[in-house]
Amino acid sequence: MSDPVQAVALPHAVDVASVVLGAAQGALFASQVAKERQIDLVGIAMVAIATGLGGGIARDLLLNQVPAALQSNEYVSSALVAAVVAVALSGALSRLDPVVVAFDALSLGLYLVVGLSKASSLGLGSVPSIFIGILACTAGGVVRDLLLRTEVALVTVGSFYVFAAFSGALVYMGLLQVANQGVATWSAVIVTFSVRMLSIWFGWSTPHASALRLAKLDASVESMERMARSGVDVILRGGRGFMRSDRADVEK
C-alpha cells in the first residue's frame, strides 16, 4: 500500500480570502432575493457565513475532524465583515462580476485540492477522496441555495461546478502516480479554473436529464407497452366471451 499523500499547505491568507469571497457572494445573492423571501439583515449575515464556511465544515466533519473554521475567531469574523461590506457596496460590486467569477473559479480549484489532499493523507481511497474534494468546494453554494429556498444551482442545467471540479480531481489523482504533489496540485487548480471560466466564456451548459434517454431504448419500451396492452385486451375480450357463452348455457 502506498504512503498517504501529505496535505497541501494552503497559505493562510488564501484560505481566509476564499472564505471572504464565498461569504460576500452569499451575502450579495441573499440581498437580491431578500425582499421576495422576507430576509432581514441577520438572515443575510447567516447565509453569508454558511456560504463561506459550509464546504470546509462539511469536509472536516466527514473526515471526523474538528472543523478548521471553528478553531479560530478569524474565519467567522472575516465572513461576517465580508457580508456587511458586500451588502453596503452591492451596487458597486455588481459591476465586478467578471472578477468575482474569476476568484470564485480559483477558490473552487484551491479548495478542491485541499479536500483531495486532506482526505488522501488520512488513508482514503481515490474515489472517496474525489468525493470529499468536490464536496469541499461546492457545499457552501448548496447550503446557500437551501437556506434561501431557491433552485440548487449545483444540480440544475447550466452549472459547470461539478464538471470543472471533477476534471481537476481526475488530473490531480492521475498526476500523483507520475509526478510530485506540487505538479499535481497546481495542474488540478489550473484545469478546474480553466474549465469553469471557459464554460462561462463560451456559454457551455450541462445537458438536461432527458438527453440521457436513448431513442432505441424508448422505442423498445413503447413496443413492450403496446404488446402488454394488447395482451390485456385479448384476455379481457376472452373473459367477456366466456361469460357470455356460460350465460347462454344457463339459459338453455
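A: A residue is called buried when its relative accessible area is under 20%, exposed when that value is over 50%, and partly exposed in between. In this predicted model, buried residues by that rule make up 35% of the 252 residues in the protein chain. The chain holds 10 helices and zero strands, and one of these helices, α6, covers residues 97–121 and is the place where Leu 106 is found.

With a relative accessibility of 31%, Leu 106 counts as partly exposed, because this value falls between the limits of 20% and 50%. Leaving aside residues up to four places away in sequence, Leu 106 touches Val 189 and Phe 193. Val 189 is 83 residues from Leu 106 in sequence, and yet the two C-alpha atoms are 7.1 Å apart in space. For the protein chain as a whole, among contacts between residues at least 6 apart in sequence, 74% join residues at least 24 apart.

The largest nonpolar core has 41 residues, of which Leu 112, Leu 116 and Tyr 172 touch the most other members. In soluble globular proteins, nonpolar side chains tend to be buried together.

Definitions and conventions
Residues are numbered from 1 along each chain as its sequence is written. This is a predicted model: local features need pLDDT of at least 70, side-chain atom pairs count only at pLDDT 80 or more; totals for chains, interfaces and linings use all residues. Side-chain values use heavy atoms; hydrogens and water are left out. Helices (H or I, at least four residues) and strands (E, at least two) are DSSP runs, numbered from the N terminus. Buried means under 20% relative accessible area, exposed over 50%, partly exposed in between (1.4 Å probe, protein chains only). Contact means heavy atoms within 4.5 Å. A nonpolar core is a set of buried Ala, Val, Leu, Ile, Met, Phe, Trp, Tyr and Cys residues joined through side-chain atoms within 4.5 Å.
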